[in-house]
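Colleague: I'm new to reading protein models. Could you walk me through this one with some questions and answers?

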Amino acid sequence: MHCQTTGSWGSYMPATRTPATATSVVVGDPLERIERLASENAVVIFSMSSCCMCHAIKRLFCGMGVNPTVIELDHDPRGRDMEKALIRLLGTSPAVPVVFIGGKLVGAMDRVMASHINGTLVPLLKQAGALWL
């Protein structure tokens, strides 16, 4: 499986920009959007495009042959609200990177790396259908 080294990662969810003249209205609960994205995709990474830890997590998954859905919060018009919801969900700040696998919250960088090191990450990815070998 080919992993891009430049540009977007995996199934990047592009931001939909509203015209400058349009009134900015946030529709829907950000936590509901997070849960929906997590449940509809095998692996979801909530990220900031300039975050080095986010970059490392994306490289880890791509290096394993996983094609994650990446939500770049700094490119999403509702990203700030989702970031606040992730902070509440995790109970820590900063909120990124945050990884969901199989619709379940794995956690931030420390939890993902601990799962990788102790050997539980690959079975979790296989169970979610994100990894076949």
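Predicted model: local features only at pLDDT ≥ 70, side-chain atom pairs only at ≥ 80, totals over all residues.

Colleague: How many helices and strands does the protein chain have?

Modeller: Read the elements from the N terminus on and you get α-β-α-β-α-β-β-α-α. The tally for the protein chain is five helices and four strands.

Colleague: What share of the residues in the protein chain is buried?

Modeller: Buried means under 20% relative accessible area, exposed over 50%, and partly exposed in between, using a 1.4 Å probe and protein chains only. The protein chain has 133 residues, and the buried part comes to 38%.

Colleague: Is Arg33 buried or exposed?

Modeller: Arg33 sits in helix H1, which covers residues 30-40. Contact means heavy atoms within 4.5 Å, and, not counting residues up to four places away in sequence, Arg33 touches Asp76, Arg78 and Met82. Its relative accessibility is 14%, so Arg33 counts as buried.

Colleague: How are H1 and H3 oriented to each other?

Modeller: Axes are lines fitted to C-alpha atoms, for helices over the stretch in contact, and angles run from 0 to 180 degrees between N-to-C directions. The two helices pack with their axes 8 Å apart, at an angle of about 80°. Angles under 35 degrees count as roughly parallel, over 145 as roughly antiparallel, 65 to 115 as roughly perpendicular and the rest as oblique. H1 and H3 are therefore roughly perpendicular.

Colleague: Which residues of H3 meet H1?

Modeller: From H1, the partners are Pro30, Leu31, Arg33 and Ile34. Across from them, H3 brings in Asp81, Met82, Ala85, Leu86 and Leu89.

Colleague: Why are the buried residues of H3 on the same side?

Modeller: The buried ones are Gly79, Met82, Glu83, Ala85 and Leu86. They are on the same side of H3 because they cover an arc of only 165° around the axis, the arc being that of the directions from the helix axis to the C-beta atoms. In general, an α-helix has 3.6 residues a turn, so residues three or four places apart point the same way. On the other side of H3 you'll find the exposed Arg80 and Arg88.

Colleague: What do the buried residues of H3 pack against?

Modeller: Take Glu83, which counts as buried at 13% relative accessibility. Leaving aside neighbours within four places in sequence, Glu83 is in contact with Met48, Leu73 and Ala95. Taken together, the buried residues of H3 pack against H1, strand S1 (43-47), strand S2 (69-72) and strand S3 (98-101).

Colleague: Which exposed residues does the face of H4 turned away from its buried side carry?

Modeller: In H4 (residues 109-118), Met109, Val112 and Ser115 are buried. They cover an arc of only 135° around the axis, which puts them on the same side of H4. Their cover includes helix H2 (52-63), S3, strand S4 (104-107) and H5. The face turned away carries Asp110, Arg111, Ile117 and Asn118.

Colleague: Which residues does Leu121 touch?

Modeller: Leu121 lies in helix H5 (residues 121-128), and at 1% relative accessibility Leu121 counts as buried. Not counting residues up to four places away in sequence, Leu121 touches Leu60, Phe61, Met64, Ile101, Val112, Ser115 and His116.

Colleague: How many disulfides are there?

Modeller: The rule is a pair of cysteine sulfur atoms within 2.5 Å. The sulfur of Cys51 has its closest cysteine sulfur in Cys54, 3.1 Å away, which is too far for a bond. The count comes to zero disulfides.

Definitions and conventions
Residues numbered from 1 in each chain as written. Heavy atoms only, no water.
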